[in-house]
Amino acid sequence: MLNLDLKLNTKLFDKDVEQVPIRQGFGEGLVLAGSQNQQVVGLCADLTESTKMNLFAEKFPQRFVQMGVAEQNLASVASGMAAMGKIPFISSYAMFSPGRNWEQIRTTICYNNQPVKIAGSHAGISVGPDGGTHQAIEDIAIMRVIPNMVVISPCDSIEARKATLASVETGTPVYIRLAREKTPVMTSEKTSFVIGKAQIFWQGTNAKVGIIATGALLYKALQAAKELHEKGIETEVMNLATIKPLDEKAVIALANRTGKIVTVEEHQIRGGMGSAVAECLAQHKPVPMRFVGVDDKFGQSGTPEELIEHYGMGTKSIIKAVNELV
Amino acid sequence: MELIDERIIELQSKANDIRVSIIESLIEAGSGHTAGPLGMADIFTVLYFHTLKHNPKKPEWPERDRVVLSNGHICPVLYATMAHAEYFPLEELKTLRKFGSKLQGHPHREFLPALETSSGPLASGLSQAVGMALADKMDHGLTASRRIYALLSDGELESGQIWEAAMLAGKEKLHNLCAVVDRNNIQIDGYTEEIMPLESLSDKWRAWNWHVIEIDGHNIEEIADAFASAKSVFGKPTVIIAHTIPGRGVKEFERDFRWHGNPPGKGPTDMIPAEEQGRVALKELRTLGGKIKSEHE
């Protein structure tokens, strides 16, 4: 059952559950961050409205820089601004930043350990009709592999707002993964958020499988858990919002309690969140695992729902993975 | 500020000392780049011993000017100049490229915190300098007085990121930004105009709304004047296109692209045998130092 201690959205499983794009939370969080800290600046590569940085640009025009379609410059200019004491947030589609400008992020931001915050919007396959070129499903892999980088994949708009605010304080580079489509709001204003802390959203007595999900697919994981519970199969569902640094303690504890793990992410299976979990468990608590994600394929046009189903990341696929382990 | 002859001679002599240090450190390292560092020694000398507002004893002094070396591979000249400016002891130059050294093969700020940035992969330095200039202008507007210097190679101008940065600097009218292009016409595979023609270079910068100054990159007075006049340019960033001779100071090394990426001892052997290269280079530089003095005496 839902972990009530976390003060999650009580209407979570209602048909009319509130739906808000995760990127909206980033836009609102950045305005708050800008109000609280004069050093926060925003830079965008010609996708200001799409990435919701327009909210910041309207409120703080003097602290916003329109970069044009130039993502490599975007990353390195931000590094230079950070060297002068600014806390720059840069935004574009994840496919272009951090997709196109990976080396600039590695060398000019992470190698220098400059506190640049990279907001990659339109991540995942649920970008939908734009097609495979615009669906970033490799971004977690390429960000988590760089030293000094913190990687956060919020599950909903409220968590994205909190993650944006929290990232101001880390003193490190941070990658925040955002999605385009409206997705269910699972948390509430009162749900705590701490970078590096995983949370158990769904608890099950003597759960046989632990499901670890990140991003909006957490909702599918919760639906799967509920359905399985109704069939008498108990699971636990973890929201792993911070992929790096990994909350190893919580992941190992979940594996200890359940003995089996399914990971769920809107990302390539290779190199993603599931791989991060496997790297941890293989060393500290090897248990049977299944990985729900994109299996070494590119995306295509379609509705988000069609694509999630087609590429095997829907509720049915999660239930199937759990059943394979039970 | 105009330079009196005595000061010019001092700076010429300092540049020569820096060239000697470059060769000495490269010999110790057994790898690294020779041509670019020798070619840029005069510009680094003027920058660090005449133009720059800095304090080697307090490298974190907030009001300092900033130097961003974009083409990190010419770091032997950066390190030698910083050592002569007393950022760290001259003896440390012998640790270039060695395990645990402050002087990494390409500059790394974590090992040498007095650096403004790490560099190596080409073409991202101008962007970082633009970011620094932009941040300062955001806070201080047209009165922003800290100067941001970006040192670039000509070869790296083949990369698109340079022009992304140039476009933004022109758009933002960054008067506090001064780029220097080391126009030495060589890169690792050959001569720039054969690899990928860059001319007409000054027109390209003007097209992005930059103020362009072309100088002889070995003439101390011209270098100092260019840095000084860049400060008075209003509403535009300045680029100094410095025509330099790669390998400057060792005549067997000069203008030969094969000296781009090799240290003495591993360079082309048709002029000097490998085992003689270090000794010959040091001898020539030390003799040249004597000549410069005698010419002006």
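## A walk through a predicted two-chain model

B:Arg66 stands opposite B:Ile148 in strand 2 of chain B. Strand 2 (residues 148-153) and strand 1 of chain B pair in the parallel sense over four bridges, where pairing requires DSSP to find at least two bridges between two strands. Along strand 1 (residues 66-69) of chain B, B:Arg66 and B:Val68 point one way and B:Val67 and B:Leu69 the other way, and all are buried. Here, buried describes a residue with 20 or more other C-beta atoms within 10 Å of its own (12 or fewer would be exposed, in between partly exposed), with C-beta atoms placed from the backbone.

A word on the background: this is a predicted model, in which local features need pLDDT of at least 70 and side-chain atom pairs count only at pLDDT 80 or more, while totals for chains, interfaces and linings use all residues. Residues are numbered from 1 along each chain as its sequence is written, and chains are lettered from A and ligands numbered from 1 in the order in which they are written.

Now let us look at chain A as a whole.

| Property of chain A | Value |
|---|---|
| Secondary structure | eleven helices and 14 strands |
| Box filled by C-alpha atoms, along the principal axes | roughly 55 × 40 × 40 Å |
| Buried share of the 326 residues | 61% |

Helices (H or I, at least four residues) and strands (E, at least two) are DSSP runs, numbered from the N terminus. For 326 residues, a compact globule would have a radius of gyration near 20 Å, and the 19 Å of chain A agrees with that. This radius is taken over C-alpha atoms, and the globule rule is 2.2 Å times the number of residues to the power 0.38.

Finally, where do the two chains meet? The contact takes 22 residues from chain A and 21 residues from chain B, counting two residues as in contact if their C-beta atoms, placed from the backbone, lie within 7 Å. Helix 3 of chain A gives the most to the side of chain A that touches chain B, with nine residues.
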